[in-house]
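Work through the exercises below with the sequence and the structure in view. Try each task before reading its solution.

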Amino acid sequence: MLRVLMILVPLALSIYAFIDCITTQEQDVRHIPKPLWAILILLFPLVGSISWLIVGRDRSSAAGGRIGGGFSRRSGGGWVAPDDNPDFLKSLDEDKKDRKDKKDRKSDEGPQDGDSKD
């Protein structure tokens, strides 16, 4: 089991670092050009991956100046959770009003002349 972990952990680290490297924007790469970082990660998986994660990418610009990364509203785009998305919340309010209107119309109609049971 330990032998498997000794293979899988560096492999997963290398895959993560390589994907992170190729998806990083060119202006966020530090010290050497992005293609050289990718080659370094592929040729020397453990050392290259650790080097990339520590010094290769400018993490402060990727996080928008925040610890923890992710998208912020100030960054101009990106993914927003549904409970923070004003368009989604507006559509929920409209759906709720539509359902209430339908329910009110049904209750206003009431039983018709021939519908009541004797």
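Helices (H or I, at least four residues) and strands (E, at least two) are DSSP runs, numbered from the N terminus. The model is predicted: local features need pLDDT of at least 70, side-chain atom pairs count only at pLDDT 80 or more, and totals for chains, interfaces and linings use all residues. Residues are numbered from 1 along each chain as its sequence is written, and side-chain values use heavy atoms, with hydrogens and water left out.

**Exercise 1.** State how many helices and strands the chain has, and what share of its residues is buried.

Solution. Step one: the chain contains five helices and zero strands. Step two: read from the N terminus, the order of elements is α-α-α-α-α. Step three: buried means under 20% relative accessible area, exposed means over 50%, and partly exposed is in between (1.4 Å probe, protein chains only). By this rule 15% of the 118 residues count as buried.

**Exercise 2.** Describe how α1 and α3 pack.

Solution. Step one: axes are lines fitted to C-alpha atoms, for helices over the stretch in contact, and angles run from 0 to 180 degrees between N-to-C directions. Helix α1 spans residues 2-23, and its axis lies 9 Å from that of α3, at an angle of about 50 degrees. Step two: angles under 35 degrees count as roughly parallel, over 145 as roughly antiparallel, 65 to 115 as roughly perpendicular and the rest as oblique. α1 and α3 are therefore oblique to each other. Step three: a crossing is left-handed if the near helix is turned anticlockwise from the far one by less than a right angle, and right-handed if clockwise. The crossing of α1 and α3 is left-handed.

**Exercise 3.** For Ile15, Ile19 and Gly48, give the helix, the accessibility class and one C-alpha distance.

Solution. Step one: Ile15 sits in helix α1 and is partly exposed, because its relative accessibility is 44%. Its C-alpha is 8.5 Å from that of Ser49, at a sequence separation of 34 residues. Step two: Ile19 also belongs to helix α1 and is partly exposed, at 45%. Between Ile19 and Ala38 there are 8.9 Å from C-alpha to C-alpha, and 19 residues in sequence. Step three: Gly48 is part of helix α3 and counts as buried, because its relative accessibility is 0%.

**Exercise 4.** Is His31 buried or exposed, and where is it placed?

Solution. Step one: His31 belongs to the loop between α1 and α2. Step two: its relative accessible area is 67%, so His31 is exposed. Step three: the phi angle of His31 is near 75 degrees, a positive value in a residue other than glycine.

**Exercise 5.** Which helix gives the most to the nonpolar patch?

Solution. Step one: the patch covers about 920 Å², and its residues include Ile32, Ile39, Phe44 and Val55. Step two: α2 (34-43) and α3 (45-56) each supply at least two of its residues. Step three: α3 gives the most, with five residues. Step four: Ile39 lies in α2 and is partly exposed, at 45% relative accessibility.

Key:
Patches are made of residues with over 30% relative accessible area and no salt bridge: like charges are joined within 9 Å, nonpolar side chains (Val, Leu, Ile, Met, Phe, Trp, Tyr) within 5 Å. Accessible areas come from the Shrake-Rupley method with a 1.4 Å probe; for residues, only the protein chains shown count as cover. A salt bridge is a side-chain nitrogen of Lys or Arg within 4 Å of a carboxyl oxygen of Asp or Glu.
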